[in-house]
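Work through the exercises below with the sequence and the structure open beside you. Try each task before reading its solution.

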Amino acid sequence: MKKSAAQGQPIAYVAFLRGINVGGHKLVKMTEVVKAFEKAGFQKIKTLLASGNVLFEAAETDAPALTLKIEAQLKKTFGHDIGVILRSIGEIRKTVAADPFAGVEAGPDCKLYVTFLDQKSSGKFKTPYESPEKDFRVLSAVGREIFCVTWPTAGGRFGDFTRVVEKEFGKKITTRNWNTVMKILEF
């Protein structure tokens, strides 16, 4: 998706790094991620949490080309592929303003998640979708985002909606807790 920027004005982005620092796999230090983004020529780089949320500014407006540039730099730095899902901060603001979880209150027994897709949803997935175990519900699939609510099972673990989402939308996705998305706008 090509973004328009005022002449000479950088665009604020967030790069969601896929599959790092989860379960002891693809361990990367955020200080090294910042250095990789600096080497790629980006400015005002900040990371939020160790799950791979990188806020930065860039003059580039071609998001797919920018994504490839980031992925190439991360591979050069860390020696393995790290997928990136990119959004402008403006897109994140619109997602939050749409209030996708209206009427649902997060808490110890209810967690809210957004899954970011690489490509726009085909719209064939019927929502709302509730798991047979009733431990998660996919509320909606809008544009390039999927909105899910999870509840704990009898064993205390929260419902795992990722297998359903991956089956429908492919593996080039990444999921963040809604609280993390809200923190991105405060950062």
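Predicted model: local features only at pLDDT ≥ 70, side-chain atom pairs only at ≥ 80, totals over all residues.

**Exercise 1. Compare the radius of gyration of the protein chain with that of a compact globule.**

Solution. Step one: for 187 residues, a compact globule would have a radius of gyration near 16 Å. Step two: the protein chain has 17 Å, so the value agrees with the globule rule. Step three: look at the box filled by the C-alpha atoms, which is roughly 50 × 35 × 30 Å along the principal axes. Step four: turn to contacts between residues at least 6 apart in sequence; 66% of them join residues at least 24 apart.

**Exercise 2. Describe the surface and the charges of the protein chain.**

Solution. Of the 187 residues, 42% count as buried. For the charges, count 29 positive and 20 negative side chains. The centres of these two sets lie 4 Å apart.

**Exercise 3. Which residues have the most contacts inside the largest nonpolar core?**

Solution. Begin with the general rule: in soluble globular proteins, nonpolar side chains tend to be buried together. Here the largest nonpolar core has 25 residues, and those with the most contacts inside it are Ala-15, Leu-17, Phe-37, Phe-42, Phe-56, Ile-70 and Leu-74. Next, find the elements that give two or more residues to this core: β1 (11–17), α1 (30–39), β3 (53–58), α2 (63–78) and β4 (84–88). A second, separate core has 18 residues, including Val-14, Leu-55, Ile-92 and Cys-110.

Now take Phe-42 from the largest core. Leaving out residues up to four places away in sequence, Phe-42 touches Phe-37, Phe-56, Glu-57, Ala-58, Glu-60, Leu-66, Lys-69 and Ile-70.

**Exercise 4. Is Val-138 buried or exposed?**

Solution. Locate Val-138 in strand β7, residues 136–142. The cut-off for buried is under 20% relative accessible area. Val-138 has 0%, so this residue is buried. Beyond four places in sequence, Val-138 touches Phe-125, Thr-127, Pro-128, Tyr-129, Ile-146, Phe-147 and Cys-148.

Apply the cut-off again to Thr-95, found in helix α3 (residues 89–97). Thr-95 has a relative accessible area of 10% and is therefore buried. With the close sequence neighbours (up to four places away) left out, Thr-95 touches Pro-100, Glu-145, Phe-147 and Trp-178.

**Exercise 5. Find a cis peptide bond and two residues other than glycine with a positive phi.**

Solution. Most residues other than glycine have a negative phi, and most peptide bonds are trans. A cis bond joins Thr-127 and Pro-128, with omega about 0°. Pro-128 lies in the loop between β5 (111–117) and β6 (129–130).

For phi, take Leu-49, where the angle is near 65°. Leu-49 is in the loop between β2 (43–48) and β3, and is partly exposed at 44% relative accessible area. Then take Asp-99, with a phi of about 50°. Asp-99 lies in the loop between α3 and β5 and, at 47% relative accessibility, counts as partly exposed.

Definitions and conventions
Residues numbered from 1 in each chain as written. Heavy atoms only, no water. Rg over C-alpha atoms; globule rule 2.2 N^0.38 Å. Buried < 20%, exposed > 50% of the residue type's maximum accessible area, 1.4 Å probe, protein only. Contact = heavy atoms within 4.5 Å. Areas by Shrake-Rupley, 256 points an atom, 1.4 Å probe, with all protein chains shown as cover. Lys, Arg positive; Asp, Glu negative; His and termini not counted. Charge placed at Lys NZ, Arg CZ, Asp CG, Glu CD. Core = buried A, V, L, I, M, F, W, Y, C linked by side-chain atoms within 4.5 Å. Helix = DSSP H or I, 4+ residues; strand = E, 2+ residues; numbered from the N terminus.
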